[in-house]
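Please look over the structure shown below.

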Amino acid sequence: MRKRIVAGNWKMNKDFQDAEDLMFEIADELADKGSGETEVIVCTPYVYLEMSSDIAAENGFMVGAQNLSQWESGAYTGEISASMIHSMGISHCILGHSERRSYFGENDKIISAKVDLALKNNIIPIYCCGEVLAERQAEKHFDIVRTQITEALFHLGKEAVSEVIIAYEPVWAIGTGVTATSAQAQEMHAFIRSLLTEKYGSDVSEEISILYGGSCNAKNAAELFANPDVDGGLIGGASLIAADFVTIVNSFR
Ligand code: PEP
């Protein structure tokens, strides 16, 4: 059975006190509403990982990082390595987010190195892929996503790739309030699963959770999550409001 997962991506938001308050609010909401079978991960800024993972561990959910360095260790001022993140007890890390690709020039080769370092350090990558609007309008979205999946993941063996969580995030839907339709999400998720089946077989592809990300909120999550190949969501803006985030966690039918 594939895992149902809802992960929050706080991005570069909240000062320390607000971040701590939000973690406690999420814990309280989860205690009130429960989370069913859904795995809950909150990806907080690096500087809050210790605080947030302590609160999460006491309240039955998990914390992830939002990035890690493509290098193992050494003279890379300002960088944070996979082994540092692992040594803080952090289990997950978002990799390949479109904001990293577009603002920080991360390409599939760099992201692939990060995926390897994450796995080597027992961190589960939440690997993001997705096309920009012009690519969808030119009907290139399947080619783009195929390339992103192939170049960043297909050097992995069956065992390693089975650890990865994939997030399909059409860039035109991220932070815009425009969501992919339920049919568009299902179509791309089924396509990604078919690529995984072709390469690794259905025993592997049927075990990999594929999350949808892009203006998913408390109102539209249930419809998106009702699709057979949508195993949950990667949530940006709505993860900053505890009640909305936990409503999304409980949006599986
Ligand atoms: C994201 O950045 O991963 C994301 C899905 O953002 P939002 O939910 O705000 O569109």
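Predicted model: local features only at pLDDT ≥ 70, side-chain atom pairs only at ≥ 80, totals over all residues.

## Describing the pairs

Two packed helices are described by the angle between their axes and the distance between the axes.

## Helix 1 and helix 2

Helix 1 covers residues 16-33 and helix 2 covers residues 49-58; their axes come within 10 Å and cross at roughly 15 degrees. Because angles under 35 degrees count as roughly parallel, helix 1 is roughly parallel to helix 2. The crossing of the two is right-handed.

On the helix 1 side, the contact is made by Phe16, Ala19, Glu20, Met23 and Phe24, and on the helix 2 side by Met51, Ser52, Ile55 and Ala56. By class, the residues of this contact are seven nonpolar, one polar and one charged.

## Helix 7 and helix 9

Helix 7 (residues 141-153) packs with helix 9 (residues 182-200) at an angle of about 40 degrees, and their axes are 11 Å apart. That angle makes helix 7 oblique to helix 9. The crossing is right-handed.

Helix 7 contributes His141, Phe142, Val145, Arg146, Ile149 and Leu153 to the contact, while helix 9 contributes Glu187, Met188, Phe191, Ile192, Leu195 and Tyr200. Nine nonpolar residues take part in the contact of helix 7 with helix 9, along with one polar and two charged residues.

## Helix 5 and helix 7

Helix 7 also packs with helix 5 (residues 108-120), at an angle of about 45 degrees and with the axes 8 Å apart. Helix 5 is therefore oblique to helix 7. The two make a right-handed crossing.

From helix 5, Asp108, Ser112 and Val115 meet Thr147, Gln148, Glu151, Ala152 and Leu153 of helix 7. The classes in the contact of helix 5 with helix 7 are three nonpolar, three polar and two charged. Leu153 of helix 7 is listed in the contact with helix 9 and also in the contact with helix 5.

## The largest pocket

Rolling a probe the size of a water molecule over the atoms shows where empty space is left. In this model, the largest pocket holds about 480 Å³ of space. Its lining has 19 residues, and those nearest the centre of the pocket are Met12, Gln66, Asn67, Arg100 and Phe104.

Which helix gives the largest share of the lining of the largest pocket? Helix 4 (residues 98-103) does, with three residues. By class, the lining of the largest pocket has eight nonpolar, seven polar and four charged residues.

Definitions and conventions. Residues numbered from 1 in each chain as written. Heavy atoms only, no water. 1 Å grid on protein atoms, 1.4 Å probe; cavity = no way out; pocket = protein on both sides within 12 Å on 5 of 7 lines; lining within 4 Å. Points joined across faces, edges and corners; volume = space filled by probe spheres on them. Helix = DSSP H or I, 4+ residues; strand = E, 2+ residues; numbered from the N terminus. Nonpolar A, V, L, I, M, F, W, Y, C, P; charged D, E, K, R; others polar. Axes fitted to C-alpha atoms, helices over the stretch in contact; angles between N-to-C directions. Parallel < 35°, antiparallel > 145°, perpendicular 65-115°, else oblique. Left-handed = near helix turned anticlockwise from the far one by under 90°. Contact = heavy atoms within 4.5 Å.
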